[in-house]
Amino acid sequence: MSNRPSSSRPGVNIVPIHGKTPRIHESAFIAPGCTIIGDIEIGADSSIWYNCVLRADVSHIRIGERSNVQDGSVLHCDPPRPGDPDGSPLIIGDDVLIGHMAMVHGCTIHDRGFVGLGAIAMNKSVIGSDAMLAAGAMLTEGKVMEPRMLWAGRPAKPLRELNEAAIAGMRIGVAHYAENAKAHSVAVSEALGD
């Protein structure tokens with residue numbers, strides 16, 4: 001995991017705090033307008049799209065490889081508290097899709113999990129592997145989505161198991177974002193003269 005200086009990421013605000021500096025793999029794409037704060041790791045070929053805020057000032061955020069966080073999303077965590085010595089870090093696995101304007105807070109998203117447009121995942125909730133939180137859904141604190149399940153609603157509840165076509169569609173989305181991020185990285189560098 002290498003940390004490229006902010007000068008090589010035009011238009012991105014990278015903010016150290018409490019002695020912690022974000023660690024971003026050199027192959028990750030961070031779009032202009034993003035603010036990345038504190039104890040954050042972003043893995044290889046992941047992408048953080050335009051105007052996202054990732055703030056790890058009170059705990060940590062970990063994002064695996066080839067995951068994407070789409071435009072306008074907010075990611076945060078919660079600190080340890082009495083009776084909760086671990087707090088609520090935000091842990092995102094590999095090949096995860098997080099849709100536009102999502103709010104992802106102190107939860108765990110396992111490999112190949114999906115968070116739909118405008119969805120909310122709250123502290124200590126869990127999105128299982130190949131599971132999908134539908135657009136606009138709210139996964140409340142501590143709820144656990146089993147692998148391959150679709151949950152929807154506010155509060156979110158299980159609807160059905162995902163079929164192979166839906167899971168294949170999510171994997172196509174991951175591949176699309178990984179490839180599209182490369183094109184955007186070049187375009188941003190050219191547009192902003194980096």
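## A buried aspartate, D78

At 13% relative accessibility, D78 counts as buried, where buried means under 20% relative accessible area, exposed means over 50%, and partly exposed lies in between, with a 1.4 Å probe and protein chains only. D78 sits in the loop between β8 (74–76) and β9 (90–92); strands here are DSSP runs of E with at least two residues, helices are runs of H or I with at least four residues, and both are numbered from the N terminus. This is a predicted model, in which local features need pLDDT of at least 70 and side-chain atom pairs count only at pLDDT 80 or more, while totals for chains, interfaces and linings use all residues. Residues are numbered from 1 along each chain as its sequence is written, and side-chain values use heavy atoms, with hydrogens and water left out.

When neighbours within four places in sequence are left aside, D78 is in contact with V58, S59, G87, S88, P89, H105 and N123, contact meaning heavy atoms within 4.5 Å.

## Overall form of the chain

The chain contains one helix and 20 strands, and its C-alpha trace spans about 50 × 45 × 25 Å along the principal axes. The radius of gyration of the chain is 16 Å, which agrees with the value near 16 Å for a compact globule of 194 residues; this radius is taken over C-alpha atoms, and the globule rule is 2.2 Å times the number of residues to the power 0.38.

Of the 194 residues, 47% count as buried, and the chain exposes about 8600 Å², of which carbon and sulfur atoms supply 56%. Among contacts between residues at least 6 apart in sequence, 24% join residues at least 24 apart.

## The helix and the nonpolar core

At its N-terminal end α1 is capped by N163, a side-chain oxygen of which lies 3.2 Å from the backbone nitrogen of A165. The buried residues of α1 are I167, M170, G173, V174, Y177, A178, A181 and V188, and what covers them includes β3 (29–30), β5 (47–48), β7 (68–69), β10 (97–98), β13 and β16 (132–133).

The largest nonpolar core has 52 residues, of which I36, I42, I48, L54 and L133 touch the most other members; such a core is a set of buried Ala, Val, Leu, Ile, Met, Phe, Trp, Tyr and Cys residues joined through side-chain atoms within 4.5 Å. At least two residues of this core come from each of β3, β4, β6 (53–63), β9, β10, β16, β19 (149–152) and α1, with the largest share, six residues, coming from α1. Beyond its neighbours within four places in sequence, L54 is in contact with T35, I36, I37, I40, I42, I48, I61, I63 and L75.

## Loop residues and backbone geometry

The loop between β4 (35–42) and β5 holds S46 as well as D45. S46 is buried, with a relative accessible area of 1%, and a polar atom of its side chain lies 2.6 Å from the backbone oxygen of G64. D45, by contrast, is partly exposed at 34% and has a positive phi of about 60° although it is not a glycine.

Most residues other than glycine have a negative phi, and most peptide bonds are trans. A positive phi, near 65°, is also found at R148, which lies in the loop between β18 (144–145) and β19 and is partly exposed, with a relative accessible area of 25%. A cis peptide bond, with omega about 0°, joins R154 and P155, and P155 lies in the loop between β19 and β20 (157–161).

Notes: A polar contact is a pair of N or O atoms within 3.5 Å; within protein, one must be able to donate a hydrogen and the other to accept it, and residues adjacent in sequence count only if both atoms are side-chain atoms. Accessible areas come from the Shrake-Rupley method with a 1.4 Å probe; for residues, only the protein chains shown count as cover.
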